[in-house]
Amino acid sequence: MLNFLKKNVAKHVLNLVPYASARRLFAASEQDNNAQTPIWLNANEAPKAHDFTLDTSLYNRYPDCQPDAVITAYAEYAGVAKNQVLVSRGADEGIELLIRAFCNPEQDSILICPPTYGMYAISANTCNVEVKNVPLIHRNEDSENTENRDFGSFQLDVPKIVAQDDSVKLVFICAPNNPTGTLPATADIEAIINHYADQALVVIDEAYIEFADATHTAWLDRYSNVVILRTLSKAFALAGLRCGFTLAHPEVITTLLKVIAPYPLSAPVADVAAQALSIAGLARMRAQVSEIIAEQTPLAQSITQLGDIELVGAQYGNFILFRTSHKDALMQYLVDHKVFIRDQSKQIQLANCLRISTGDAAQNARLLALMTQFYNLQETTAL
Ligand SMILES: *Cc1c(COP(=O)(O)O)cnc(C)c1O
């Protein structure tokens, strides 16, 4: 490393490692001009892109910071007031804005419940804010919460979450949780919101909410310390757009507007987002979500018939998490055949776990065929 850098890069930045996004991990293989089209099932993206039109007539002008067409359409879609909505460069920017606005560096902390989405900790690290980890727990099936959902696994450890010191300013709860696909029990989230009423914001990350039909937006009017994150990257099939939303009390939104960039969304992004949120756009999104959900249950069922595969968590998102003792060989076999899924085995409690993003019928069929071949080969070699 350059001497200049060793001496001059901010201390908390010096040892950071760039986020190993699904895209960064496999970008190289994409360049390869092999006849086989790669199948991307590693970033919970939608299988198909949609068409949009661009109005370039105002591209000589700076865009609005919070384009009204986008805010109005999203407020309507989410069933909240316009002043409860902030639009940003993906939900990821929403995470960072929250940390920058509510945490004093080297003093405050955020609380996360691993295994969960990686960006909460990454953003906190880049802001020199401490991360407190309270791992998810497993409760007996017959405990209080049943409500017809899998409330047994990967649940919030409420007693530990409420026993933290008062440095905690943000509690991140991912619902449905990535990568376990589980939904934290509603009563648990509400207990945490109540406990932290005067101290911290409880941020409910609903990136996958369209697949689960279990939104918590009704709490926005009841609790001023509730924040909800949303995105166009998953159900809306617009990961490439970089457009996300933060829903919160109007004064929380005003606070976030103090730290957001003057032009967070480029004009074409705002244009496309408004079209995605039109009546036709919403109908298209809902149709694709139904298709994915219809594909997912049989796919999850089918893979459990293979080798030693065991499903982990639940499938309230558009992805399936599973465990296999052959995880490295299976990953390699799929990569060799240009099918990309995601290794989650580095996360706490997820040893030997891989995550599949559910694709369309053709993609899933190819994945299943390859996985079947792989486990047949394992059996043959074992004999
Ligand atoms: C994908 C994802 C996001 C990121 O959304 P962007 O809008 O693409 O930044 C946020 N939270 C979770 C849990 C995700 O899986």
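D360 is buried, at a relative accessible area of 17%, where buried means under 20%, exposed over 50% and partly exposed in between (1.4 Å probe, protein chains only). This is a predicted model, in which local features need pLDDT of at least 70 and side-chain atom pairs count only at pLDDT 80 or more, while totals for chains, interfaces and linings use all residues. Residues are numbered from 1 along each chain as its sequence is written, and side-chain values use heavy atoms, with hydrogens and water left out.

The side chain of D360 forms a salt bridge with that of K48 (4.0 Å, N to O); a salt bridge is a side-chain nitrogen of Lys or Arg within 4 Å of a carboxyl oxygen of Asp or Glu. The two residues are 312 residues apart, with K48 in the loop between β1 (39-40) and α4 (68-78) and D360 in the loop between β13 (353-357) and α14 (361-382). Helices (H or I, at least four residues) and strands (E, at least two) are DSSP runs, numbered from the N terminus. K48 counts as partly exposed because its relative accessibility is 37%.

The structure holds 16 salt bridges. Another of them joins R242 and D92 (3.8 Å, N to O). Here the partners lie 150 residues apart: R242 is in the loop between β7 (226-231) and β8 (244-247), and D92 is in helix α5 (residues 90-102). R242 is partly exposed at 32% relative accessibility, and D92 is partly exposed at 22%. Shared partners also join K48, E291 and D360 into one network of salt bridges.

Next come the cavities. On a 1 Å grid over the protein atoms alone, a cavity is a set of points where a 1.4 Å probe fits but cannot get out, and lining residues have an atom within 4 Å of a point. There are 2 cavities of 30 Å³ or more, a volume being the space filled by probe spheres set on the points, which are joined across faces, edges and corners. The largest has a volume of about 70 Å³, and its lining includes C113, Y120 and F172. Strand β5 (residues 168-174) gives the most to this lining, with 3 residues. The second largest cavity has a volume of about 30 Å³. Among its lining residues are H50, F236 and R284, and helix α12 (residues 279-303) gives the most, with 3 residues.

Finally, F4 is found in helix α1 (residues 3-8). F4 counts as exposed because its relative accessibility is 57%.

Methods: 1 Å grid on protein atoms, 1.4 Å probe; cavity = no way out; pocket = protein on both sides within 12 Å on 5 of 7 lines; lining within 4 Å.
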